[in-house]
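Work through the exercises below with the sequence and the model at hand. Try each task before reading its solution.

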Amino acid sequence: MAAMARVSSGLAYPERFYAAAAYVGFDGSPDSSTKGVSSKFSNDAALLLYALYQQATVGPCKIPKPRSWSPVEQSKWTSWNGLGNMASIEAMRLFVKILEEEDPGWYSRASNFVSEPAVQVEKNNDTIAEPVAENGNVLPETKTIPAENGNLSEPQDKDVVSEGFGAVGVYDQWVAPPISGPRPKARYEHGAAVIDDKMYIFGGNHNGRYLSDLQALDLRSWTWSKLEVKTAGEASQVPVAPFAGHALIPWEGNKLISIGGHTKDPSETMQVKVFDLPAQTWSTLKTYGKPPLSRGGHSVTLAGTSLVIFGGQDANRSLLNDLHILDLETMTWDEMGTLGVPPSPRSDHAAAVHAERYLLIFGGGSHATCFNDLHVLDLQTMEWSRPTQQGEIPSPRAGHAGVTVGENWFITGGGNNKSGVSETVVLNMSTLDWSIVTTVQGRVPLASEGLSLVLCSYNGEDILVSFGGYNGRYSNEVNVLKPSHKSTLQSKMMETPVPDSVSAVQNATNATRDLESETVTGHEGNIREILVDNIESEPMVSKVEETSERLLAALKADKEELESSLSKEKLQTLQLKQDLTDAEARNTDLYKELQSVRGQLATDQSRCFKLEVDAAELKQKLQTLESLKKELELLQRQKAASEQALNEKRRQSSGGVWGWIAGTPLDQQDDA
């Protein structure tokens, strides 16, 4: 029978908090705010406990600051007000954690003591009880207890793993760490990058003004500090200009590259600035080739030793969808021609690279519309595609931020022209399956545009760190999330029925590394441990080696199956391309035929129009001829009438022969 673990965490929240508050002396009465606390703890601890109690029970401090003549009340108010908008449940957890640090045995001495948290392991109807403790303090922590036969029990509850300042205590939830030091000015559209356990923030936008400061957050102590930028070479060198909408990329382990961005006096082409951390100086990187147009809101993604730049908005507010690559080894720009249908012009989108080959573009916006489409560019064939998304497809958004952990792409923040987006989502880049990690409530910085998101390691685990943003007001808050998502291959491997002695190695496998090589390494380590513990355990070693071989054989079979499927897909793609080529050829022939018919029709129309004109002219001439004919007939009738009248006069007035001989005119004869 497989081993089964069940965790009991003692008092849960908020009951655990109220038990701790009662133990400290906070009974809810107005005069109990520090009653009994100052006698048990230092002044700083007592003030912090008071502030956390008020934050947990009342909420953020909204009372006016006390008068200066009351220093105690002023200190209490300052401590409470300094917690800002910390969530009630987080204040409860921090309250209990501080109490455990100051008084480790408080839980056993509390009046409402409940049995210590224990993990009960059932094996063959036998029960083993083992308390969960760390440094002598009982913690409500989920742990995995190995059984006698070497099985590693899976935890059933992974919500709470630790508590307190400087710790990320829950999986898949955003929490606000206790920040110290002078906080940077609130901003959005800044650049962020991590080098050596420090998150660097450069530039951004605050109240419409671009910023140029460089700030650093120590991710171990959660302390802010401002970097003093020095001038390189001449003392009169102009410092780096303020930027917003740029990208900040870590380079060579001790440098930061700032690419592009909006500025007050933009240049025609994109500028690349470099900050040298040891020297604390800015300089302009000399590049070759044709650089892209100046822009902001673009994406910059590291693929191997090259930076891939896509989209953005230029200084004239024109949206772009061009693709450029900067080779960091030769410092040469290339404008890449692509096949397929690229994403529509956009800015403020998110981009990621998967398997050092595929560029993914998600979301973004135009001047009036936000998108939730997903586009993939094969960086080897330079061909765009728009794959089908699976799962809970995110809503349209722009101004969001993303970061990859293994094959998982986490995306948070953004807006949709109406409100900030509250969900943090994750995309498995191998299966293109979306899921929701967590959802924040209310108008918080995580539901805003222009925030930054980086990945770092904390206590051996990956954590996501967000900063800034704008959702009606500018933010300078820091929030962290510890993801629990594992890769699909690792989950598949852990579900494979294998001997119990191998399960511990499988659970320890890091999903972000190469699975096959990591499995071999893990099994070799397990074999060495068995040999050290029991020199005569040859059968177990053989068993593990046999299991390792079977597991590798299964992985190779899966690999061959995937390669076969890939070959089939490639053949189908080639067939589709051929069909597309044939269709395009047919379309070309039909278009030519259409053009020929259109030409003939135009000729016939021209001929018809000319005939109509000729007919109109002939008709007009015919009408003229008829008019002339009528006039001729009239003249002929007039002539005939005149001749008839003349003849008639001649007969009536004849002058005889002598008159005719004398040549007397007829009119004179008539007058006579």
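**Salt bridges and burial**

At 16% relative accessibility, Asp218 counts as buried, where buried means under 20% relative accessible area, exposed over 50% and partly exposed in between (1.4 Å probe, protein chains only). This is a predicted model, in which local features need pLDDT of at least 70 and side-chain atom pairs count only at pLDDT 80 or more, while totals for chains, interfaces and linings use all residues. Residues are numbered from 1 along each chain as its sequence is written, and side-chain values use heavy atoms, with hydrogens and water left out.

**Exercise 1.** Is Arg220 buried or exposed?

*Solution.* Step 1: the side chains of Arg220 and Asp218 meet in a salt bridge (a side-chain nitrogen of Lys or Arg within 4 Å of a carboxyl oxygen of Asp or Glu), with 3.5 Å from N to O. Step 2: Arg220 has 56% relative accessibility, so Arg220 is exposed.

**Exercise 2.** Find where Arg295 and Asp322 lie in the chain.

*Solution.* Step 1: the closest N and O atoms of the salt bridge between Arg295 and Asp322 are 2.7 Å apart. Step 2: this pair links distant parts of the chain, 27 residues apart, with Arg295 in strand β14 (residues 295-296) and Asp322 in strand β17 (residues 319-327). Strands (E, at least two residues) are DSSP runs, numbered from the N terminus. Step 3: Arg295 is buried because its relative accessibility is 1%.

**Exercise 3.** State how many salt bridges the structure holds, and describe the one between Asp213 and Arg187.

*Solution.* Step 1: the count is 10 salt bridges. Step 2: in the bridge of Asp213 with Arg187, the closest N and O atoms are 2.7 Å apart. Step 3: Asp213 and Arg187 are both buried.

Note on methods:
Helices (H or I, at least four residues) and strands (E, at least two) are DSSP runs, numbered from the N terminus.
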